[in-house]
Amino acid sequence: MRRLAAEGMRIALLGREKETLSQVAASLATMTVCIEADVTDQTALDRAARQVEERLGAAGVVVADAGSAVGGPFSRTDAELWRRVVDVNLVGAANTARAFLPQFAFVVGRITRRGLREGSTDELGADVEVLGAGGRADWTSVRPET
């Protein structure tokens, strides 16, 4: 993020703690907006994505970097706490992608900024990581190997 800011990209910071977002924004040498949203709340993320587009224009890069962790053996980990980790780390990334997808256009299995012509060198190289082949959802994180 700091490299993107140093290159002049405008940055939208989304997270649950406004004060922390503001501290990070103050350390960046670029236009930055802070929006409170929880990645496990699709409605809040959809609203945040609209705010980003209204205030900064369509997103050119989206980094889903929210994360949660639990220490200790799985057998002694509270089920609700484990579910929260999965919701933040897996579902949160999918929610983020889903919220920002309307701001992107699809080009031959890649996600590229809206308005760029096919084959542009400015493609984002997101190659089916979130979307899967042909735009289908990739369920490898939640299904057993076959």
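The largest pocket holds about 1200 Å³ of space. A pocket here is an open set of points on a 1 Å grid over the protein atoms alone, where a 1.4 Å probe fits, with protein on both sides within 12 Å along at least five of seven lines. Its volume is the space filled by probe spheres set on the points, which are joined across faces, edges and corners.

This is a predicted model, in which local features need pLDDT of at least 70, side-chain atom pairs count only at pLDDT 80 or more, and totals for chains, interfaces and linings use all residues. Residues are numbered from 1 along each chain as its sequence is written, and side-chain values use heavy atoms, with hydrogens and water left out.

Lining residues have an atom within 4 Å of a point. Next colour β1 (11–15), α2 (18–26), α3 (42–56) and α4, each of which supplies at least two lining residues. β1 gives the most, with 5 residues. Helices (H or I, at least four residues) and strands (E, at least two) are DSSP runs, numbered from the N terminus. By class, the lining has 23 nonpolar, 7 polar and 7 charged residues; Ala, Val, Leu, Ile, Met, Phe, Trp, Tyr, Cys and Pro count as nonpolar, Asp, Glu, Lys and Arg as charged, and the others, Gly among them, as polar.

Now select Ala37, Leu45, Ala99 and Phe100, which have the most contacts inside the largest nonpolar core, a group of 13 residues. Such a core is a set of buried Ala, Val, Leu, Ile, Met, Phe, Trp, Tyr and Cys residues joined through side-chain atoms within 4.5 Å. Buried means under 20% relative accessible area, exposed over 50%, and partly exposed in between (1.4 Å probe, protein chains only). The elements giving two or more residues to this core are α3 and α4, and α3 gives the most, with 5. A second, separate core of 7 residues includes Ile11, Leu13, Leu21 and Leu28.

Move to Leu101, in the loop between α4 (79–100) and β3 (104–107). Leu101 is partly exposed, at 22% relative accessibility. Ala59 is 42 residues away from Leu101 in sequence and 9.3 Å away in space, C-alpha to C-alpha.

Finish at Phe74 and Trp82, an edge-to-face aromatic pair with 6.0 Å centre to centre and 80° between the planes. Rings of Phe, Tyr and Trp (its six-membered ring) pair if their centres lie within 6.5 Å, and planes over 60 degrees apart count as edge-to-face, under 30 as stacked and the rest as tilted. Phe74 is exposed at 62% relative accessibility, whereas Trp82 is partly exposed at 41%.
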